[in-house]
Amino acid sequence: GLADMYYPNRGGFTQTIVPGQETQTEIYDTTPMLVRRGLATAIDGLLKPSTSRWFWMKAKEDQINEDDQAKAWFDAVGDRMWSSIYDPLARFIQHSGAVDNDLAALGLGYLWIGENRNRDGLNFRSIHIGDVAIDENADGQVDTCFIRRKWTARQAFQRFGEKCGPKVLEALKDEDGRSKDKIFEFVQAIYPREERDQRAKDNLNMPFVNCIVSLADEAEIEESGFQEFPVAIPRWECAPGEIYPRSPGMMAFPDARTLQAMGHTLLVGGQRAVDPPTWVVDDAVLSAVRTFPGGLTVIDSEAARASGGKPIGQLEMGANIPIGREMQDDYRKMVGNAFFKEVFTLPQDQNMTATEVMERKEEFIRTIGPTMGQLENDYIGVIVRRVF
C-alpha cells in the first residue's frame, strides 16, 4: 500500500511489475509522491551533497593528526575516495537516490557497496526491499542480510564462470541463443563468521561470510567473505524490539488515502459541473438530444408551450466543489507536514532579520536533527568505512 501510494515504480511486493507497465492508474492526487520526492531530495542534500565534501578523516590519536605527513596522507586518501565514489561508472548518485526515496516512502533502504566486475573501481547498487531480509546482533546493529538475486544465464556465467551451476550452463548451450536471457534466482547470505583464523588473509577467514546458493540447482555455488558489512541499511524510525522501521509515509497513510478518495470525488464532481446531466419533458423531444457543439435538437412546439418554454434543461451541479477544494488543501498540508515539508520549505518573507533566521535554523535542527544523526551513522558512515 505504501509503495502504491508514494512510490508506485518501486512496488512489486505482491505482484510482478512488467518493465514499462503503468503503475499510477489509481492515483488522483500526486501530493504524496511529490512530498516523498521532496524528503528524499532533502536527505540527499543534508547527508551527501555532491557539491561539497561530506566526509573527512582523522586518526583517533591527536598526536598523529598534528603530523604534517599524516595530514597529507589523509588528504590524498580522501581525494581518492571522493573520486571513486563519484566516478560515473560507480553510479553512486543514481542508486543512492533510489535508496533515499525508499527511505522516505518505506522507512528503509539497501545500498550495496562493492567493487565492479573488473575490480578496478566501485560499484553501488540499490536493492529492492522486497528481496532482502535482515537481522540484528545483540548490540542492535544489522550484521545479517539475505538477498534474493535474479540474474540471466549470461549474467550468472559472467559472475561465477563454470561454477554457475548445471542448469545455467545448460541454458547457455542452447543453439538459438534465447535461453541465455532466462532468469535464474540465487540467494546471497551475508552473516558474521563465528569461527575463523584471524591470522589468515584469505576470504574464507574474513569477518563476514558471503555464501551464494542457486535455487534452480539447490546447491551452494560460491563461498567467500567480506572484511566489512557490504550493505548500508538506513532505517528511519525503529520502535524498541523491532528490526524493521516505520516511515513518515506510514504516519500520513490514512490522510493520503483520504486525499486520493477526495481527488476522485472532486474529479467526478467537476465533470458533472462542466457537463451536467440533461433532463427532458416526456414526449417533448422529437429527435435525439444532441449535446455536441452545434447540435440541433427538434422539439414539439405544443409540448414546449405546455412546459413553460423549457422542454430541455440541466441539473444544477458543482455547488459544493469549493468546500471540497478547501478540504483537499487541508489534507495536502497534513500529508506534507508528515514529510517535514514545512521544515524544509524556505519562508516566503525575504525581509527576515538575522535573529529570525537563526531561530528558524535552530528549529530546523531540533526537528530533523535526531533522525539525520541516526542516518549519518547507519547510512553515510557505513558508505565511508566500506569505501575506505
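## Getting started

Helices (H or I, at least four residues) and strands (E, at least two) are DSSP runs, numbered from the N terminus. Ser224, for example, has its place in strand β7.

What you are looking at is a predicted model, in which local features need pLDDT of at least 70 and side-chain atom pairs count only at pLDDT 80 or more, while totals for chains, interfaces and linings use all residues. Residues are numbered from 1 along each chain as its sequence is written, and side-chain values use heavy atoms, with hydrogens and water left out.

## The nonpolar cores

A nonpolar core is a set of buried Ala, Val, Leu, Ile, Met, Phe, Trp, Tyr and Cys residues joined through side-chain atoms within 4.5 Å. Here, buried means under 20% relative accessible area, exposed means over 50%, and partly exposed is in between (1.4 Å probe, protein chains only). In soluble globular proteins, nonpolar side chains tend to be buried together.

The largest nonpolar core has 66 residues, and those touching the most other members are Tyr6, Trp54, Ile85, Tyr110, Leu111, Phe124 and Ile383. Helix α13 (residues 354–387) gives this core its largest share, nine residues. Another core lies apart from it, with 11 residues that include Phe160, Cys164, Phe186 and Ile212.

Strands of a sheet pair through backbone hydrogen bonds, either parallel or antiparallel. Two strands count as paired if DSSP finds at least two bridges between them. In this model, three strands form an open sheet in the order β2-β1-β8, with antiparallel pairing. At the edges are β2 (122–127) and β8 (231–232), each pairing on one side only.

Strand β1 (residues 110–115) is joined to β2 by six bridges, and Glu115 stands opposite Leu122 in β2. Helix α5 (residues 92–106) lies across β1 and β2 and runs at about 25° to β2; axes are lines fitted to C-alpha atoms, for helices over the stretch in contact, and angles run from 0 to 180 degrees between N-to-C directions. With contact meaning heavy atoms within 4.5 Å, and leaving aside neighbours within four places in sequence, Tyr110 is in contact with residues including Val99, Arg125, Ile127, Val231 and Tyr244.

## Helix α9

Helix α9 (residues 253–274) has 22 residues and reaches 31 Å from its first C-alpha to its last, close to the expected 32 Å. That expected span is 1.5 Å times one less than the number of residues. Which residues of α9 are buried? They are Phe253, Ala256, Leu259, Gln260, Met262, Gly263, Leu266 and Gly269.

A salt bridge is a side-chain nitrogen of Lys or Arg within 4 Å of a carboxyl oxygen of Asp or Glu, and the structure holds 12 of them. One joins the side chains of Arg193 and Glu223 (3.7 Å, N to O). This pair links distant parts of the chain, 30 residues apart: Arg193 is in the loop between β5 (183–192) and β6 (208–214), and Glu223 is in strand β7 (residues 219–226). Arg193 counts as buried at 10% relative accessibility, whereas Glu223 is partly exposed at 39%. Back at Ser224, which counts as buried at 12% relative accessibility, the contacts beyond four places in sequence include Arg193, Asn203 and Phe208.

Asp197 forms a salt bridge with Arg199, at 3.3 Å between the closest N and O atoms; Arg199 is exposed, at 74% relative accessibility. Arg246 and Glu242 form another, with 2.7 Å between the closest N and O atoms. Asp29, Asp329 and Arg332 are linked in a network of salt bridges.
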